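Student: I have a structure to read and several terms to sort out. Can we go through them one at a time?

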Amino acid sequence: MGDLKGLIALNISNNNLRGSIPESFGAMAHLESLDLSRNMLPGTIPTDLVNITFLSILNLSNNNLSGLIPQGRQFATFEEASYVRNPNLHGPPLENGTMRSDSGHRGSQVQWNSAGDADADADEMDRWWEVAVGLCFGVGFGIVVAVLCSHLKWRYKCFALEDSFIQYLFQR
């Protein structure tokens, strides 16, 4: 495959491929997108992939990759999502340089908490807060209106209080 030097995009995801990622992929100088996700690829990520300077999309998630993530050039631009569910993979951009499981040990069930996820969670919480405040205001206002509509004596007292307040404001 490394002889395909003019190849721009390679997507061989979801194929249950086995075997390591060929070092010859690093010779595909014009490759812009590489998706090898959802296979069963073991081993390390070849360091020769750093030489693909046009690479802007990389997805190696859901494999059995291990070892250190190569550093430099385009690899500095890829986020954690490019490497998710590779239990023994470590190094930047993974949180604290390593991928951890729920129990704090390396494992297959990985929890991600990147800054982007935290921002999305905060935005979602803000939306729910706005909905809750609006709902509470609406319910409270509805209760007041229902009480005033159903109790004649309270309605008269409420309007009498309102009239006295308005007179107080305009007397000044």
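Tutor: A helix is a DSSP run of at least four residues marked H or I, and a strand is a run of at least two marked E. The model here is predicted. By that definition the protein has 2 helices and 6 strands.

Student: What is the order of the elements from the N terminus on?

Tutor: The elements run β-β-β-β-β-β-α-α.

Student: Why is Ser 82 called buried?

Tutor: Buried means under 20% relative accessible area. Ser 82 has a relative accessible area of 8%, so Ser 82 counts as buried. Of the 172 residues of the protein, 27% count as buried.

Student: Where is Ser 82 found, and which residues is Ser 82 in contact with, leaving aside neighbours within four places in sequence?

Tutor: Ser 82 is in the loop between strand 5 (64–68) and strand 6 (88–90). With those neighbours left aside, Ser 82 is in contact with Leu 58, Asn 59, Leu 60 and Ser 61. Contact here requires heavy atoms within 4.5 Å.

Student: How do you know that strand 5 and strand 6 pair?

Tutor: Two strands pair if DSSP finds at least two bridges between them. Strand 5 and strand 6 have 3 bridges, in the parallel sense, so they pair. As one example, Leu 68 has His 90 in strand 6 as its bridge partner.

Student: What makes strand 3 and strand 6 edges of the sheet?

Tutor: The open sheet of 3 strands has the order 3-5-6, with parallel pairing. Strand 3 (42–43) and strand 6 each have a single partner strand, so one side of each lacks a neighbour in the sheet.

Technical notes
Residues are numbered from 1 along each chain as its sequence is written. This is a predicted model: local features need pLDDT of at least 70, side-chain atom pairs count only at pLDDT 80 or more; totals for chains, interfaces and linings use all residues. Side-chain values use heavy atoms; hydrogens and water are left out. Buried means under 20% relative accessible area, exposed over 50%, partly exposed in between (1.4 Å probe, protein chains only).
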